[in-house]
Amino acid sequence: MRDPDDAAEQIAGLLDGIVRRQRRASREGFGESVTHGQFRVLRTLDRADRLLRLSELAAQLGIVPRSATSVVDDLEAAGLVARQPDPHDRRATLVYLTPDGLKVLATLRKKRRDVMAGQLARLTADEQQTLADLLQRLAEE
């Protein structure tokens, strides 16, 4: 019988390796110019149904507001996001994706899909569905 601790360590290592490989491959062509944290900010802003305050962005990302500010500063310097005053609270700032930010995000998403599709091509359709089902169960809180 397999030791559950060994199985957990093996699975954790495999998942880490897959995620690292996908992140590395999806950044090709961008170098290190878009970090995973910056990608998360771009994706979160894109999924939002409205402009977000920095504090809201930080809350959605599960990070402290100062960290969100630093990431947004870098993305703004790269021309991928912009800020504007909140018309309802002059102390607050709203953040949104620029057209360049949307293009970069679309390219990164396509690269991520392509990399994952390449990895999944080694599995049958049934195996892919089983994997998706198992990962969904693990992802539920």
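Modeller: Here are some questions and answers about helices, salt bridges and a surface patch in this predicted model.

Biologist: How are helix H2 and helix H3 oriented to each other, parallel or perpendicular?

Modeller: Good place to begin! Two packed helices are described by the angle and the distance between their axes. The axes of H2 (residues 36-47) and H3 (residues 54-61) come within 10 Å and cross at roughly 110°. An angle of 65 to 115 degrees counts as roughly perpendicular, so H2 and H3 are roughly perpendicular.

Biologist: Which hand does the crossing of H2 and H3 have?

Modeller: The axes of these two helices cross at roughly 110°. As H2 passes H3, the crossing is right-handed.

Biologist: Let's turn to charges. How many salt bridges are there?

Modeller: Side chains of opposite charge can pair when their charged atoms come close. Here the cut-off is a side-chain nitrogen of Lys or Arg within 4 Å of a carboxyl oxygen of Asp or Glu. By this rule the count is nine.

Biologist: Is Asp89 buried or exposed?

Modeller: Asp89 belongs to a salt-bridge network with Arg53, Asp86 and Arg91. Buried means under 20% relative accessible area. Asp89 has 15%, so Asp89 is buried.

Biologist: Which strand does Asp73 in helix H4 get tied to?

Modeller: Asp73 forms a salt bridge with Arg83, with the closest N and O atoms 2.2 Å apart. Asp73 lies in H4 (residues 65-77) and Arg83 in a strand at residues 81-86, so the pair links H4 to strand S2.

Biologist: One last thing: where is Leu123, a member of the nonpolar surface patch?

Modeller: The patch has about 550 Å² of accessible area together, and Ile11, Leu15 and Leu123 are among its residues. Helices H1 and H6 each give two or more residues to the patch. Leu123 itself sits in the loop between H5 and H6.

How values were computed. Residues are numbered from 1 along each chain as its sequence is written. This is a predicted model: local features need pLDDT of at least 70, side-chain atom pairs count only at pLDDT 80 or more; totals for chains, interfaces and linings use all residues. Side-chain values use heavy atoms; hydrogens and water are left out. Patches are made of residues with over 30% relative accessible area and no salt bridge: like charges are joined within 9 Å, nonpolar side chains (Val, Leu, Ile, Met, Phe, Trp, Tyr) within 5 Å. Accessible areas come from the Shrake-Rupley method with a 1.4 Å probe; for residues, only the protein chains shown count as cover. Helices (H or I, at least four residues) and strands (E, at least two) are DSSP runs, numbered from the N terminus. Axes are lines fitted to C-alpha atoms, for helices over the stretch in contact, and angles run from 0 to 180 degrees between N-to-C directions. Angles under 35 degrees count as roughly parallel, over 145 as roughly antiparallel, 65 to 115 as roughly perpendicular and the rest as oblique. A crossing is left-handed if the near helix is turned anticlockwise from the far one by less than a right angle, and right-handed if clockwise. Buried means under 20% relative accessible area, exposed over 50%, partly exposed in between (1.4 Å probe, protein chains only).
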